[in-house]
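Subject: Structure handover

Hello,

Here is the structure I promised to pass on. Please open it first, then read my notes below.

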Amino acid sequence: MLVAAGGLALETAEAARAGGLSVEGCVDDDEGRWGTLAGGWLEVLGGLDLLAVRPDSPVVVCAGHGRVRERLVRRLRALGVGPERYTSVVHPSVDVPQSCSVGPGSVLLAGVVLTASVTVGRHVVVMPHVTLTHDDVVDDFATLCAGVRLGGGVHVGRGAYLGMASSVREKSTVGEGATLGMGGALLTDLPADEVWGGVPARPLTGTPRHP
Ligand SMILES: CC(C)(COP(=O)(O)OP(=O)(O)OC[C@H]1O[C@@H](n2cnc3c(N)ncnc32)[C@H](O)[C@@H]1OP(=O)(O)O)[C@@H](O)C(=O)NCCC(=O)NCCS
């Protein structure tokens with residue numbers, strides 16, 4: 001069962017189906033979508049409370065931003081959906097080597113590469129063709145958009161968001177809740193909750209918002 005009937009739910013459903021799993025459908029807060037088909041094929045079965053009455057269905061929260069995933073996980077906890085209910089979805093094209101781990105609730109889409117000693121936490125989203133190299137640690141609720149590349153020994157903090165095709169120099173840290181804009185090249189540590197972008201990445205001028 002997938003939570004939040006957006007584009008990431010469609011992508012997660014396809015990754016799950018490619019791996020031979022069956023997808024029951026998704027749940028969403030938007031009552032107007034209940035009984036409809038997301039993307040024309042993924043059934044929107046009802047609201048979040050449906051998960052409480054289907055205790056045998058493993059769950060993946062599919063909101064595109066980590067802060068929203070975190071809020072949904074908190075709400076689901078209050079509805080009786082505990083940590084044991086979450087499963088990870090890893091596209092079959094992705095090899096998870098013995099020295100690497102992927103936490104429950106996380107999604108790894110097609111073409112993701114993990115080389116060695118990579119730790120991916122809970123409810124992390126790793127979009128297509130992301131490259132994670134030795135000793136990288138990605139904390140819970142982080143989001144790595146398509147084509148992100150991390151050098152070795154990088155630490156991505158809880159709920160951080162790395163935009164498409166951004167890259168992070170080895171041994172750097174992306175702070176909790178920080179955003180690196182698409183195409184950015186991060187050469188130093190990025191402080192928590194800040195929004196940086198560019199090559200080399202710097203704090204963005206104006207009033208950039210987190211996506
Ligand atoms: C960084 C980001 C979050 C900022 O979004 P925003 O708050 O809407 O930013 P704005 O478009 O208002 O731009 C604010 C300023 O930052 C600059 N800027 C925005 N994104 C930038 C980027 N990726 N690199 C460099 N500069 C950027 C803008 O040019 C603008 O500069 P100005 O004030 O000098 O005109 C967004 O641009 C981004 O990169 N999002 C990630 C997109 C992505 O990967 N999506 C994948 C979805 S699956």
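Domain 1 puts 17 residues into the contact, and domain 2 puts in 16. Two residues count as in contact if their C-beta atoms, placed from the backbone, lie within 7 Å.

Two notes on the model. It is predicted: local features need pLDDT of at least 70, side-chain atom pairs count only at pLDDT 80 or more, and totals for chains, interfaces and linings use all residues. Residues are numbered from 1 along each chain as its sequence is written.

Back to the side of domain 1 that touches domain 2. Helix 1 (7-18), strand 5 (60-61) and helix 2 (66-78) each supply at least two of its residues. The largest share, six residues, is from helix 1. Helices (H or I, at least four residues) and strands (E, at least two) are DSSP runs, numbered from the N terminus. By class, this side has eight nonpolar, five polar and four charged residues. Here Ala, Val, Leu, Ile, Met, Phe, Trp, Tyr, Cys and Pro count as nonpolar, Asp, Glu, Lys and Arg as charged, and the others, Gly among them, as polar.

Next, the core. The largest nonpolar core has 64 residues, and Val-3, Ala-9, Cys-26 and Val-126 touch the most other members. Such a core is a set of buried Ala, Val, Leu, Ile, Met, Phe, Trp, Tyr and Cys residues joined through C-beta atoms within 7 Å. Helix 1 gives this core its largest share, five residues. Each of domain 1 and domain 2 provides at least three.

Now the start of the chain. Met-1 sits in the segment before strand 1 (2-3). Is Met-1 buried or exposed? Met-1 is buried, because 21 other C-beta atoms lie within 10 Å. The cut-offs are 20 or more for buried, 12 or fewer for exposed, and partly exposed in between, with C-beta atoms placed from the backbone. Met-1 and Cys-26 are 25 residues apart along the chain, yet their C-alpha atoms are separated by 5.4 Å.

Eight strands form an open sheet with mixed pairing, in the order 6-8-11-14-17-20-22-23. Strand 6 (89-90) and strand 23 (202-203) are the edges, each pairing on one side only. Strands pair if DSSP finds at least two bridges between them.

Best wishes

Technical notes. Domain bounds come from an automatic or database domain assignment.
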